[in-house]
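Please keep the structure in view while reading.

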Amino acid sequence: MWQAPPAPPPFATEWLPVLDMPKPGEQNRLTVLFRILLLIPQFIVVWVLSVVAFFVAVIGWFGALVLGRLPMFAADYLSGYVPYETRVTTYLMLTHDSYPPFRFRTPEYPVQVELRPGELNRLAVFFRLILVIPAAIIQGVVFAGWWMVALISWVVVLVLGRMPEPLFESTAAILRYRMRYMAYLLMLTPAYPKRLFGDEPGEAEGGPVSATRPLVLSGGGRGLLVVFIILGIVSWGASSITASIDDDDESKHVSGPLVPGPPVPGPFGRVPPGATR
């Protein structure tokens, strides 16, 4: 008797790098007050690590073109650098009150990043800097928007002693997208950054379930994220206009001598308009 062929297996869901964060809790107002000052040593360390990461990524890019994956040393270093930088940024953006340790491997720390370096598409590696441009713009816009109201967020957390849930959700969404952007840029994942507006309920795939696995945004969290995007676009537009005006002013500006004397001739020996001989 004829039997129907077995049903094909379901398509595998693309795995994305994961950011695990605890729910917002009570914070020490004193550490909130001096948050940026407390992080000065971390900023120095992150800068040094980023310089090393740049050279490791360049070497890793050539290796990935040949091997179809990052060389082991590059994958190890970059898999430590991205979580380290992410932990510092989560503390800076007031999502929790645990000071990040000065080391790569921190299984006891409340904020964790899960990366799975593996096989890469050589063509996508070759054009990585071009392909990543849309994601770079998105993460730049939302980050700029968040920082435009950072002072207000800081005051809110300082007064309440905790980060409100909608603000935490939108901030966590920005942090996760930025981490995924960095992971893609540094070839730690073949998955393009996505899901800025969070996940659907029940989408957590393996591992511990945290406040951001899955990251389900409430209406307030989504609304704040939209506000950050709008503010980021306004910020970028204002910066572009200001830069254009400054360039025009510089091109029209004529500097005279600091001491009495004849004016300095312009190009082709001409004296600038308005100058006296």
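**Salt bridges, core and helices**

Q: Which residues are linked in a network of salt bridges?
A: The model discussed here is predicted. One network of salt bridges in it has these members: Asp20, Glu114, Arg116 and Arg213.

Q: How far apart are the closest N and O atoms of Arg116 and Glu114, and is Glu114 buried, partly exposed or exposed?
A: Arg116 and Glu114 form a salt bridge, with 3.1 Å between the closest N and O atoms. Arg116 has a relative accessible area of 42%, so Arg116 is partly exposed. Glu114 has a relative accessibility of 23%, and the cut-off for buried is under 20%, so Glu114 is partly exposed.

Q: Which residue forms a salt bridge with Arg35?
A: Arg35 is found in helix α2, which covers residues 35–38. The partner is in the loop between α4 (72–92) and β2 (112–114), 62 residues away from Arg35, and the pair links distant parts of the chain. The closest N and O atoms are 2.9 Å apart, and the partner is Asp97.

Q: Which residue meets Asp199 in a salt bridge, and is Asp199 buried or exposed?
A: The side chain of Asp199 meets that of Arg195, at 3.6 Å from N to O. Arg195 is partly exposed, because its relative accessible area is 34%. Asp199 has a relative accessibility of 6%, so Asp199 is buried.

Q: Which element gives the most residues to the largest nonpolar core?
A: The largest nonpolar core has 58 residues, and Leu78, Tyr81, Val82 and Leu188 touch the most other members. Elements that give two or more residues to this core include α3 (40–67), α7 (133–148) and α8 (150–160). With 12 residues, the element that gives the most is α9.

Q: Leaving aside neighbours within four places in sequence, which residues is Leu78 in contact with?
A: In soluble globular proteins, nonpolar side chains tend to be buried together. Leu78 is one of the core members that touch the most others. With neighbours within four places left out, the contacts of Leu78 are Ala53, Val56, Ala57, Leu70, Pro83, Leu186 and Leu188.

Q: Which residue just after α9 takes a positive phi?
A: Helix α9 covers residues 165–185. A positive phi of about 65° comes just after α9, at Met187.

Q: What distance separates the C-alpha atoms of Val234 and Ala144?
A: Val234 is found in helix α10 (residues 219–252). At 48% relative accessibility, Val234 is partly exposed. Along the chain, Val234 and Ala144 are 90 residues apart, while the separation of their C-alpha atoms is 9.3 Å.

How values were computed. Residues numbered from 1 in each chain as written. Predicted model: local features only at pLDDT ≥ 70, side-chain atom pairs only at ≥ 80, totals over all residues. Heavy atoms only, no water. Salt bridge = Lys/Arg side-chain N within 4 Å of Asp/Glu carboxyl O. Helix = DSSP H or I, 4+ residues; strand = E, 2+ residues; numbered from the N terminus. Buried < 20%, exposed > 50% of the residue type's maximum accessible area, 1.4 Å probe, protein only. Core = buried A, V, L, I, M, F, W, Y, C linked by side-chain atoms within 4.5 Å. Contact = heavy atoms within 4.5 Å.
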